[in-house]
Amino acid sequence: MGRTWTLIRRRLLQAIPVILIVSIGIFGLLELAGGDAVDAYLAVTGGGDPAFAERLRQQWGLDAGLWVRFLAYVESLVTLDFGWSVVMSKPVSVAILERLPNTALMMGAAIAFSACLGTLLGGIAALRKGTAADAGITVGALVLNAMPSFWIGLIAIVVFAVKLAWFPLGGIASFDRPDLAIGRVLDVAWHLVLPVTVLGLAYMALYVRLMRSAMIETAASDWVRAARARGLPRLRIVRRHMARPALLPVVTMLGLQAGNLLGGSVVVETVFAIPGLGSLAYDAVSQRDLPLIAGILLVGTLMVIVVNLLVDITYARLDPRVTDDRVRAGGA
Amino acid sequence: MMRHWSIGGVIGAAVLAVLVLVAIAAPWLAPGDPLDIVGRPLLPPFTDPRFPLGTDQLGRNVFAGLVHGTRVSLLVGLAAAAAAIGVGILVGTVAGFLGGWTDEGLMRVTEAFQTIPTFLLALAMVSALGASTVNVVLAIAISSWPATARLVRAEILSLKSRDYVDAARLAGMSRLGIAFREVLPGAVQPVLALIGITVGVAILVESSLAFLGLSDPNQVSWGGMVANGRAVLRTAPYLVAIPGAAVAVAVLSVSLVGDAMGRRLLVSRER
């Protein structure tokens, strides 16, 4: 398993400058915004005289120069201290950790849903290239891609929650939680059907397009012609010789899409009232809780890095051509 | 040059032309401030000829909002995309042409911007700097330039060893002069294929920000109209359906045109 470890080590090393640049950027943004933690604190606690504010600034190390403050900021990040959230009135790290599981669950399900359905539809479109099915799938993907996710979400609520009453209006679980564990799991799943579908559909188009063009490419390849000449069954050719190599760019896309889905979760969680990272970001933004926003941005970046790492490992398993050399060159 | 335009491209171009005309003619199509209260609240569409698309819960004209919202959406979308593509071209050209540490540094920054969830970044920026139209444009631009930068850099790298570049170097042109005057014109062509996607994403992000209440409150926008209609979702779903559909139509037309442009480019390159 040495190869996988080399890969993980390389990727983590590559992540360091990214995290550094992102934290510099966030620090710069907080500086630009003006108003520090003391202002936020005083605004909530009902104010205080300038002398008290000055004392607090000294106490919190906010009266020092830019460079010192930046170092203090980096130091607090290293110790995973993201500061105090005024809106949630608890440490930022606690507020984020509380909300993380819901978002991770929703994102994971949405990524799986959009990737599976997208590649399936893209594959079908490629096999039926030029037919009505191909045109329907291609146009459908384009139209879905153009719809704002909050709009799809609200329409889904009107149709499936209000009119048909198949699914709940929002939230992550019922107030009267079922006693049995299995019942609770089903309850959460039932609540997640609409948001996951909406989030997945909004980001599905890319997979459809990618899979379609990759399949059309592999269909014209020499090895598929050779497989046909050998008289292999059609289904086997489609699965082993066309779909499998075509899946590689799709796997890469999973990592690139992770950040987009996390952004999309803000809107979807707000629409469906799901207590996750996205709706936390919305609360932070609408009440200008800057430490909380900064913390969410950093954690979001870390999440994207982790998903990309998982994608890279999967990729290396899928494609035996990814050797140590290519890992070192930062390929794949 | 209609030869390579697909049906989709033609439809997209026609719809986009109509949207641009509506945006330009907004003050004549729906005179007055679209945020003014002008009639009875919650009139359904197609009931009163004065308010063809009905009124919202405050008695504001939905048609007027839709028409004026076209301006905001297209303007923000185009401005943000133009800024993003401009930054992307600049970064990509400098990185690709200078190479070395400059390239390394700029690529790390590009990577950072591709890793950070861009919508969260846009949210944070608008929240920190204030919800004005300029800040919304800036936030969208800053979060969507990396794709262009990478594309331009790759093109520059493949072009910079050509003979005509060597000729320019022998003629004594400065390095940046060669980069921007000789190499760049050849490298920006493929960027044309990205314009449609970039503008479409910019319109979607603008509408999402407006939906979350992060846009100029004194300006009507499609996303803001949907957010407003959400309060009466059960009784008057048209207040959500109409402006949201407008976003979808605008993004769809832009991406169809972009698609057609990209495909034409492919055809002309293959020749």
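Q: Which conventions apply to the numbering and to the confidence of the model?
A: Residues are numbered from 1 along each chain as its sequence is written, while chains are lettered from A and ligands numbered from 1 in the order in which they are written. Local features of this predicted model need pLDDT of at least 70, side-chain atom pairs count only at pLDDT 80 or more, and totals for chains, interfaces and linings use all residues, with side-chain values taken over heavy atoms and with hydrogens and water left out.

Q: How many residues of chain A and chain B are in contact, and what area is buried between them?
A: Contact means heavy atoms within 4.5 Å, and buried area is the accessible area (1.4 Å probe) that two parts lose on being put together, summed over both. Here 43 residues of chain A are in contact with 40 residues of chain B, and the area buried between the chains is about 3500 Å², of which carbon and sulfur atoms give 79%. Of the area that chain A buries against chain B, 16% comes from A:Phe150, A:Trp151 and A:Leu154, more than from any other three residues.

Q: Which salt bridge is formed between chain A and chain B?
A: A salt bridge is a side-chain nitrogen of Lys or Arg within 4 Å of a carboxyl oxygen of Asp or Glu. The count between the two chains is one, and A:Arg209 forms a salt bridge with B:Asp259, their closest N and O atoms being 2.7 Å apart.

Q: How do the residues on the side of chain A that touches chain B divide?
A: Ala, Val, Leu, Ile, Met, Phe, Trp, Tyr, Cys and Pro count as nonpolar, Asp, Glu, Lys and Arg as charged, and the others, Gly among them, as polar. On that side of chain A there are 33 nonpolar, eight polar and two charged residues.

Q: Where are the domains of chain A, and how do they meet?
A: Domain bounds come from an automatic or database domain assignment, which divides chain A into domain 1 (2-91) and domain 2 (95-331). Their centres, taken over C-alpha atoms, are separated by 32 Å, yet 28 residues of domain 1 are in contact with 30 residues of domain 2. The two domains of chain A bury about 2500 Å² between them, 70% of it on carbon and sulfur atoms.

Q: Which residues of domain 1 of chain A lose the most area to domain 2 of chain A?
A: These are A:Arg3, A:Arg11 and A:Phe82, together 24% of what that side buries.
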